[in-house]
Amino acid sequence: MTTTIGYDVVVIGAGPVGENVADRVVRGGLTAAVVERELVGGECSYWACMPTKALLRSASVLRAARQMPGAREAVTGELDVAAVLARRDSFASHWKDDGQVAWLESAGIALHRGQGRIASARVVEVTGADGVTTRLAARHAVVVATGSSALLPDVPGLREAAPWSSREAASAGSVPRRLAIIGGGVVAAEMATAFSALGSAVTVLARDGVLPSVEPFAGELVTESLRAAGVSVRGGADAVSVRRDDSGTVDITTADGGRVEADEVLVAIGRTPNTGDIGLESIGLTPGAWLAVDDTLRVVGGGEWLYAAGDVNRRVLLTHQGKYQARAVGDVIVARATGQEVQDGRWGRHAATADERAVPQVIFTDPEIASVGLTAAAAGAAGLRTRVVDHDLGAVAGSSLHADGYRGHARMIVDEDRKVIVGCTLAGPDVAELIHAATIAVVGEVPLDRLWHAVPAYPTVSEIWLRLLETYGR
């Protein structure tokens, strides 16, 4: 016998995005349930944002101390790998979701564990571990927030070699003596930074270079730093076959005939949507495909009741941007359900406008890369008439105080027709906390003439804003 339970909104996926959708719905006076087949809290909590940054942080602190006279002399040892991994485990809640489940209960959100599949319009069937199926009937909306998984390329022998994905890298119980990484994007660069610092001999096979989507100067600084740390970075290298022998050694052959031997191989070349087994075929959509959405994140071709937020809609594959989408989705569902005005114009309450040209991101490599908005190349491709303004971040007084030998670079992209900033990239030690000022300038479309009145405190690294404005000219 199948039990049917009714809710105003049913959310498939209880990661950060799904949790935030449900929370906004409940705060708006509706009822909500989330469906989760794994751990409540999702990828970010257990295998991505939190544990990976915990892996990186200890080494970052040690590097900072070694750059500072007085502190340098106090550092007498190397990283305690066991302590680093233990701290990582604590940030992943030891891969238990009790705390997240307790939060759902406190927020008045129902949890159904199991595989959720759309059975028909507004109906989600949940099959639990015991094989029992429960039908959840949504009065107003179903939201797909199932996220994405690591993409595994069809390279001969790769699957049989039991490669790591980002999950295995983030949760590794020990540090391999040799680690090969296929890919050069954010996950590849961050994990090369982390495992090199933890003692692995790391080789990066970066077919398209290291961090190809950021400003070129930023990718170059990270590449130089990785090589200085002993990482072998092979730009243009394309893995064509992989084999793990009986001893456990992984042998990778590249297109140019080169070979790499490693104890583990991490594949970090991109993501694929978790939509293969959620019942899309029942409503005429393609299983395994990304879900296209409109400005209010309603699924194109899915009916007025179906929404998709987070990675699964492919707009921006970042946790904080997914949570931003979740707030918009939850609020617009409430508005439509209660007859309120839908504000879906540019920068409206129910539109995820920032996804278009105001996305902030921090890459926790050495040096850190913090960016928001468009790169110079992206601005040009968008047809904007721009001016690129560069400045040496290490030449700012606050930087020299922050660390001896501080190296970094800053760039802002100015829309010359509107005289506003449309993009900014900072590369240097500890620049992560600087990027929100740039985000506010981009989102607020603050005129450069007004920015002259935003005086940075002296002597801080934030003085880079004055230097960029001076370089641009008044």
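A polar contact is a pair of N or O atoms within 3.5 Å; within protein, one atom must be able to donate a hydrogen and the other to accept it, and residues adjacent in sequence count only if both atoms are side-chain atoms. The structure is a predicted model, in which local features need pLDDT of at least 70 and side-chain atom pairs count only at pLDDT 80 or more, while totals for chains, interfaces and linings use all residues. Residues are numbered from 1 along each chain as its sequence is written, and side-chain values use heavy atoms, with hydrogens and water left out.

Q115 belongs to strand β4 (residues 115-120); strands (E, at least two residues) and helices (H or I, at least four) are DSSP runs numbered from the N terminus. With a relative accessibility of 14%, Q115 counts as buried, a class that covers values under 20% relative accessible area, whereas exposed means over 50% and partly exposed lies in between (1.4 Å probe, protein chains only). The side chain of Q115 makes a polar contact of 3.3 Å with the side chain of R37. A polar atom of the Q115 side chain also lies 2.8 Å from the backbone oxygen of D277. Leaving aside residues up to four places away in sequence, Q115 touches R37, E125, V126, T127, D277 and I278, where contact means heavy atoms within 4.5 Å.

Helix packing is illustrated by α1 (residues 16-27) and α5 (residues 98-107), which meet at an angle of about 15° with their axes 10 Å apart. The two helices are therefore roughly parallel, the term for angles under 35 degrees. On the α1 side the contact is made by E19, D23 and V26, and on the α5 side by Q100, W103, L104 and A107.

S174, in the loop between α6 (166-170) and β8 (178-182), counts as exposed at 51% relative accessibility. S174 and A82 are 92 residues apart in sequence, yet their C-alpha atoms are 8.4 Å apart in space.

Two peptide bonds are cis, with omega near 0°: the one from D366 to P367 and the one from Y458 to P459. P367 lies in the loop between β17 (360-363) and β18 (368-373), and P459 in the loop between α14 (448-451) and α15 (464-472).

Positive phi in a residue other than glycine, near 50°, is found at L211 and at E445. L211, in the loop between β9 (201-206) and α8 (216-228), is buried at 3% relative accessible area. E445, in the loop between α13 (435-443) and α14, is partly exposed at 28% relative accessibility.

Key: Axes fitted to C-alpha atoms, helices over the stretch in contact; angles between N-to-C directions. Parallel < 35°, antiparallel > 145°, perpendicular 65-115°, else oblique.
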